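Okay, thanks for coming, everyone. Have a look at the model on the screen, and I'll talk you through how the chains sit together and then a couple of contacts inside them.

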2 protein chains.
Amino acid sequence: MSSFRGGWTNQAQIREGARFTPGCSGSAVWAAHTPLAQAHNLFDNASTCTIATELQRIGYFGSVPANYEQNPLSAHFELHIEQRKMLQDKNKQIGTVINIQGIRWYRVTVEGQRAHAGSTPMADRADALAIAAKIMVMLESRAIEVSAVATVGVVELERPSSNTIPGFAMFSVDLRHPSEAALTEFEASVQEYMNSLMAANGKLKCRMVRIWRSPAVTLDAMATACTRRAATRVVGSHDVVDMISYAGHDSALTATKIPTSMIFVPSKDGISHAPEEFTSEAEWYVSYIS
Amino acid sequence: MSSFRGGWTNQAQIREGARFTPGCSGSAVWAAHTPLAQAHNLFDNASTCTIATELQRIGYFGSVPANYEQNPLSAHFELHIEQRKMLQDKNKQIGTVINIQGIRWYRVTVEGQRAHAGSTPMADRADALAIAAKIMVMLESRAIEVSAVATVGVVELERPSSNTIPGFAMFSVDLRHPSEAALTEFEASVQEYMNSLMAANGKLKCRMVRIWRSPAVTLDAMATACTRRAATRVVGSHDVVDMISYAGHDSALTATKIPTSMIFVPSKDGISHAPEEFTSEAEWYVSYIS
């Protein structure tokens with residue numbers, strides 16, 4: 001039954017979207033989530049070329065429209081490693097995904113006032129990094145409160161120097177939750193917190209810009225039932241379990257247009273997108289014959 | 001009266017120690033605060049040469065011992081711009097420095113566990129940057145509490161990626177207070193806080209290493225009286241004021257060995273070590289004739 005549709009654009013072992021950020025851009029265009037021109041114009045990390053110029057260079061700039069209406073599919077089934085260790089811990093062989101959590105990426109900037117570390121009293125400061133740290137602490141405690149996950153993976157300062165109060169800080173936020181409404185509420189609470197910081201210090205400017213999102217989706221009941229039934233037939237019901245996907249997938253995008261289902265197989269210790277990522281051949285095989 | 005001893009090693013317009021960090025290394029060696037070999041072996045920012053090899057290259061590697069015993073001075077008087085705007089705000093012409101606050105520099109490292117931003121629940125994380133942010137927030141609130149100044153001017157992550165929980169973070173701490181005891185207490189409180197963070201999460205390792213210090217000193221009463229008397233004679237007592245120095249100076253090092261005094265002149269808007277730094281010729285002249 002497995003009809004894994006390989007060849008989605010812009011994927012890599014280390015990270016989806018490793019060279020052209022964000023990932024899953026092929027399925028995002030297909031599902032009309034991202035305009036084609038926007039995906040074509042994505043620059044690579046070194047800012048030396050775009051997806052379009054690279055596709056042309058390697059002879060892969062095809063003529064088939066990347067669009068769910070002009071190039072339709074009747075359903076989409078995706079095999080994937082779990083990327084957590086629930087299957088390993090519960091000693092199960094197959095997970096059928098019923099829900100994919102939504103992802104939102106933000107770029108937060110804090111503008112303060114660059115000043116001398118020794119001669120500027122604490123009360124006179126507009127320390128961009130100290131404010132950024134407060135926002136990071138808020139993100140973590142709020143995520144715990146509302147069962148979201150929030151991650152700051154990149155932080156950058158302008159002309160960092162150990163005896164200078166940072167005047168400008170930028171950081172990334174990766175926010176995930178199974179409910180779109182919860183994500184929107186979370187976003188509003190961060191904005192509100194930044195407003196209160198700005199109200200307390202007139203020299204500060206905080207700004208949060210959403211740069212990407214992958215929608216939170218509930219996968220199609222019939223497609224999921226197919227997957228569950230097939231998996232049960234191969235490994236027995238005791239070895240199959242319903243799951244939520246916490247990472248983003250092409251399926252999150254196809255699911256907005258057509259019946260979609262995902263199968264998860266165990267991933268050793270939950271490590272993924274790293275050289276240590278491991279799923280045995282036997283574990284994969286079970287998902288292929290399902 | 002001014003006997004400014006120019007030519008201290010390793011100073012620059014933009015920042016003392018701009019090329020070879022930390023600054024004031026000449027006076028630090030002279031005052032036996034830093035061993036000669038350690039100063040000679042300081043690498044420049046580009047890690048291409050050391051102070052010793054550069055001194056040799058430009059023909060300045062002299063034979064006079066850089067040591068307060070073999071190359072003694074009877075006293076040390078230093079002219080400097082204020083680097084804050086107290087003189088400007090109070091409309092005074094001369095500050096006589098009675099106290100130089102101590103400075104300690106630290107390198108703090110947080111080792112956590114690199115993991116996937118989407119699939120790692122908040123409770124399972126050892127997020128090096130989230131922990132670093134907590135320490136930064138603690139540094140700020142503690143500094144306000146004990147009238148110190150604390151600054152994090154540099155923060156670095158290992159292989160930063162927006163959808164990866166940082167596994168390793170490093171940041172600098174610049175801590176200043178007029179009392180050595182207060183600095184030592186502050187240092188202990190940070191260590192205690194890091195211990196509590198490690199106790200709460202077994203996957204964490206936080207480490208704080210002191211990489212440099214400039215001692216907190218009270219300047220010699222007689223040398224300071226000389227400066228105050230001379231300044232009063234030139235501009236009148238209404239234009240002279242006693243002050244604390246919040247930045248580090250060569251005088252902080254010479255003061256540990258010989259009678260030392262400093263004169264401050266106004267610096268426009270308190271900006272220093274930046275192209276905007278400005279003190280008028282007339283303001284300088286007053287300090288020279290004092």
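So, between them, chain B and chain A bury about 3,700 Å², and 63% of that is on carbon and sulfur atoms. Buried area here is the accessible area, with a 1.4 Å probe, that two parts lose on being put together, summed over both.

Quick housekeeping: this is a predicted model, where local features need pLDDT of at least 70 and side-chain atom pairs count only at pLDDT 80 or more, while totals for chains, interfaces and linings use all residues. Residues are numbered from 1 along each chain as its sequence is written, chains are lettered from A and ligands numbered from 1 in the order in which they are written, and side-chain values use heavy atoms, with hydrogens and water left out.

Back to the interface. Chain B gives 45 residues to the contact and chain A gives 45 residues, contact being heavy atoms within 4.5 Å.

Two salt bridges cross the interface, meaning a side-chain nitrogen of Lys or Arg within 4 Å of a carboxyl oxygen of Asp or Glu. B:Glu140 makes a salt bridge with A:Lys134, closest N and O atoms 3.1 Å apart. Which element gives the most to chain B's side? That's α5(B), with nine residues; helices are DSSP runs of H or I, at least four residues, and strands are runs of E, at least two, numbered from the N terminus.

Now inside the chains. Over all chains there are 26 salt bridges. Take A:Arg19 and A:Glu54, with their closest N and O atoms 2.9 Å apart. A:Arg19 lies in the segment before α1 (25-30) of chain A and A:Glu54 in helix α3 (residues 51-57) of chain A, so this pair ties together parts 35 residues apart in sequence.

That's my tour, thanks!
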